[in-house]
Amino acid sequence: MIEPDLTGLYYHSSINTHAAIFRCRISEDAEIVLSSEHSDFKWVDIAELSESQRIRAQDALNFQGQVFSRAF
C-alpha cells in the first residue's frame, strides 16, 4: 500500500463531529482484512453515496496536494 494522503477535514454540524478523510491505494489483488470493529465491507458506486459522502469522496479523488476543509 502507498502511504495515505490526508485529503480533507470536514465538520458535520448536525452531529457536532469532525471527519478526517484519507486517500490510499491498494493493489487489485490485495486481500481485505477487517478488524474487530467491522463486520462487512462493500464497494459502491459514487452515485449511491449521500451528498456529504459524495463530496468527501470527490475531494479525495480530485486531491492535488491541498487539503480540503468543508462544513456541512
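Biologist: Where does Asn16 lie?

Modeller: Asn16 sits in the loop between S1 and S2. Keep in mind that this is a predicted model.

Biologist: Is Asn16 buried or exposed?

Modeller: Exposed. The relative accessible area of Asn16 is 58%, and the cut-off for exposed is over 50%.

Biologist: What is the phi of Asn16?

Modeller: Near 50°. That is a positive value in a residue other than glycine.

Biologist: How many residues stand between S1 and S2 in the hairpin?

Modeller: Four residues, with Asn16 in the turn.

Biologist: And in which sense do S1 and S2 pair?

Modeller: Antiparallel, over seven bridges. S1 covers residues 5-12, and S2 covers 17-23.

Biologist: What holds paired strands together in general?

Modeller: Backbone hydrogen bonds.

Biologist: Which residue in S2 is the bridge partner of His12?

Modeller: Thr17. Another bridge joins Leu6 to Phe22 in S2.

Biologist: What does the C-alpha trace span?

Modeller: About 35 × 30 × 25 Å along the principal axes.

Biologist: How many of the 72 residues count as buried?

Modeller: The share is 15%.

Biologist: What about contacts between residues 24 or more positions apart?

Modeller: Those account for 43% of the contacts in the chain with a separation of 6 or more.

Biologist: Let's pick a residue in S1. Is Thr7 buried or exposed?

Modeller: Thr7, in strand S1, is buried, with a relative accessible area of 0%. Buried means under 20%, so Thr7 qualifies.

Biologist: What is Thr7 in contact with, leaving aside neighbours within four places in sequence?

Modeller: Ile21, Phe22, Arg23, Ala60, Phe63, Gln66, Val67 and Phe68.

Biologist: And how far is Thr7 from Val44?

Modeller: They are 20 Å apart in space, C-alpha to C-alpha, and 37 residues apart in sequence.

Biologist: On to the helix. Where is Asp59 found?

Modeller: In helix H1. H1 runs over 51-61.

Biologist: Does Asp59 count as buried or exposed?

Modeller: Buried, at 5% relative accessibility.

Biologist: What does Asp59 contact beyond its neighbours within four places in sequence?

Modeller: Tyr10, Phe68 and Arg70. Phe68 is also in contact with Thr7.

Biologist: Which of the lining residues are closest to the centre?

Modeller: Phe22, Cys24, Lys42, Trp43 and Ala57. Phe22 is the bridge partner of Leu6.

Biologist: Which elements supply at least two residues of the lining?

Modeller: Strand S2 and helix H1. H1 gives the largest share, five residues.

Note on methods
Residues are numbered from 1 along each chain as its sequence is written. This is a predicted model: local features need pLDDT of at least 70, side-chain atom pairs count only at pLDDT 80 or more; totals for chains, interfaces and linings use all residues. Side-chain values use heavy atoms; hydrogens and water are left out. On a 1 Å grid over the protein atoms alone, a cavity is a set of points where a 1.4 Å probe fits but cannot get out, and a pocket is an open set with protein on both sides within 12 Å along at least five of seven lines; lining residues have an atom within 4 Å of a point. Two strands pair if DSSP finds at least two bridges between them. Buried means under 20% relative accessible area, exposed over 50%, partly exposed in between (1.4 Å probe, protein chains only). Contact means heavy atoms within 4.5 Å.
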